[in-house]
Amino acid sequence: MRLKHSLATIVSVLLCGITYSQTIDLSKAIIWADDAKNISLARQVQVLKEEVEKRTGLELASASKVPEEEQSAIYLLTTGRESKLPKSIRALVTAMPQPGNDGFRLLVIKEKASVIIVGKDARSVLFGIGRLLRKSFMHQGAFLAPDNVSLVSTPAYPIRGHQLGYRPKTNSYDAFSVQQFDQYIRDLALFGANSIEIMPPRTDDDDSSVHMKLSSFKMMVEQSRICKSYNLDVWMWYPNMGEDYTSRETQRKEMAERLEVFAALPKLDHLFVPGGDPGDVEPDVLFKWLNTMSIGLRQYHPNAKIWVSPQVFRPTQKWFDDFFRHVNSGSYSWFGGVVFGPWVKIPIEELRKLVKPEIPIRRYPDITHSLSCQYPVPDWDLAYAMTLGRECINPRPEDEKHIHNVFAPYASGSISYSEGTNDDVNKFVWSDQDWDPATPVIETMRDYARLFMGTDITEAAARGIMMLENNIRGALLTNTTVDETLLHWQRLEKNATPELKKNFRFQMCVLRAYYDAYVKQRLIYETALEAQARDILQSATPENAQLSVLKAKIILEKAQTEPVGTALKEKCFVLADSLFSSIGAQLTIEKHGAMPGRGNFIDNIDITLNDAVWLNDQLNAFEKISDERACYNKIQELLHRTDPGPGGFYDHFGNPRSKYRIVSGKTRAEDPGSLQSPRISFGVGIIGEEWVHEVRSQGFSGQATPGAWMSQINTLYDTPLQIKYTDLDTTAGYTMRITYTGRFRSKLRLVANNDIVIHDFIETGTKPMYEFDVPRSATSSGTVTFSWTCGEGQRGSQVCEIWLMRK
């Protein structure tokens, strides 16, 4: 929920389109900080000096005495200490409205070439410094600030932060040094983040990785110490990994571990304990355990609060009833609020109604993943899903702003779920939107580019990041932005300084530009090869079937024997190595030590993009058929796999072309998390595997599958999946063939027109295809709506293909 006084008040700020003639020169400014009793601004002064020096080479002087009025200066102080300012300046500052919590006043006095930053408290001063640095023009020997700023700014939401877990599962954080964490946390604070969420040594992960420079325990302590030095709130994500929390022995071991963790942390303000994912615990047991845990927590951190989330993979109504009974009971002094995150079944607007108005809700948005996640890329091209995969470098500024803003009114802010630096851009978008949801996302990108890549490429880099998001919009085959984006970043790369080329944020953008272009070039080529191979098979006769099979295989093999875009691919490898050197980014398993399915998208760079895997599997079988006529018949079956026959219908619902048949009560814009509307999902599904990290044309028992089976339409939990057919023959009967693919393997029930059962609950995932007769009463009007639901506690309904075949 937004604070009553939280809307940013801009008295006068004209920062867009500023030229160097509209600036003041701060290169000779003296920094004066007012250290009040119990409030030290030494860390803030250090940040300002160091960040300016990195970009300009200038070593700004600091003074303990108030500078002379004619002296260019940067004044840093907290609210209530304005009397320490020179009289002429004091009047200007005191005339400005007071900011709210975490807010600041920022005033530029052009005539004196001076800047005044007055924060509500010490960390608010840091946020004001961040705003100054973000809007300033800095290059070697020059520190210029806009000359027309008079700003009072208060964040819209009180919780603004990101999770930085030091564990092997991440794609880069486990390679960070203490200094890198310090800088990264500082960078986030400069964009208004006031919270960092860390992790305990034991989670649903390995204890350590080859990349770790410190043990997870020691780094956890360092992260807390760093946050304390910046006056940031420290949160800890602490899942329940014990086997049985009704067992006294389990409780004893778990409490001993937690006491060691709590005692070691210099600062801990909030503990977030997920209801599940991982650590599923029944609510009655969970809250009793949390009550016990709170005693140990408050022994070392007396004011710390515990937050809980209704995250659970297979929820039941009883689970939720029990959970909210505890949440709303008012019985727990340690209770901080409810967290809305991935795998929370209840939409946040409904969650807001279920918990008492005075109970805060914190969002836990997944900003790090692109598929099989809370907020997937909408209608993503299958080629990207296979190559970029779930955890690629994923700048999505416009998507993230929309996702933030559509649900922001229901919560008190957010701390994002992140698995590494791949989502770097998204972090800064969320921090800026949590501060002020009205901020245009291009302005955040300009600030990001200006501060982290350099003044000289601000506009070009900001636009380039926006172009990377446009690369993933719509069908890749026809996306012209991809080629323009590569040229754009190649121009920036050509003119980049050696220092910029080592900048991990620049490297990530350049890598994505090359990678996307390579995937598109391959997709065009391999699509054409498949078309040629199918043409050859189409021309086969009963007399030359085996020869046609051989020719088709030779054509398909050209993707490997005569590859395209090799220069683009080699560039991607070089950039992946550079990112490993600069930030410890693990983009391959073998060379960089990545975890499977966790950021290693470079490993997917040459995955087959057409239907060659399945076609070759079929053609290899055809080669073993000695009879030409029998071989010819098999070829015809392959070519006509999707043919529904005369007057029939075929749809692949993993393809947006069949989207018009899908009934949805909400648009993607209204429901980006798809809790109340369908989404396209990816993956065939493997028997016995709950989670398939990579999208491959392989499924069920491990056999090759048609490419179409890799994508399907699905709804989550008990939201019905509805598909409507019109223009049916009212006099005909129909048989329905369905392909059920996907990773959920739910028990599904199918009815037509709300009350005509096509099939009762069946467990999907054991075989792909099913056939059912459709009663004539369902189609007699010429229109039929099919509805799928899954059983209680199941994860959702999924449908890949449908044939409606006239009898």
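Okay, charges to start: the protein chain has 93 positive and 98 negative ones, and their mean positions sit 4 Å apart. Lys and Arg count as positive, Asp and Glu as negative, with His and the chain ends not counted; each charge is placed at NZ of Lys, CZ of Arg, CG of Asp or CD of Glu.

Quick caveat: this is a predicted model, where local features need pLDDT of at least 70 and side-chain atom pairs pLDDT 80 or more, while totals for chains, interfaces and linings use all residues. Numbering runs from 1 along each chain as its sequence is written, and side-chain values use heavy atoms, leaving out hydrogens and water.

So how does the overall fold look? We've got 22 helices and 32 strands, taken as DSSP runs (H or I, at least four residues; E, at least two) and numbered from the N terminus. The C-alpha atoms fill a box of roughly 100 × 60 × 50 Å along the principal axes. Of the 807 residues, 62% are buried, meaning under 20% relative accessible area with a 1.4 Å probe, protein chains only.

Now let's zoom in on one residue, His326. You'll find it in helix H8, residues 317-327. Is His326 buried or exposed? Buried, because its relative accessible area is 11%. Its side chain makes a polar contact of 2.7 Å with that of Asp284 (N or O atoms within 3.5 Å, one able to donate a hydrogen and the other to accept it; residues adjacent in sequence count only if both atoms are side-chain atoms). Leaving aside residues up to four places away in sequence, His326 touches Pro283, Asp284, Phe287 and Tyr332, with contact meaning heavy atoms within 4.5 Å.

Terms used: Buried means under 20% relative accessible area, exposed over 50%, partly exposed in between (1.4 Å probe, protein chains only).
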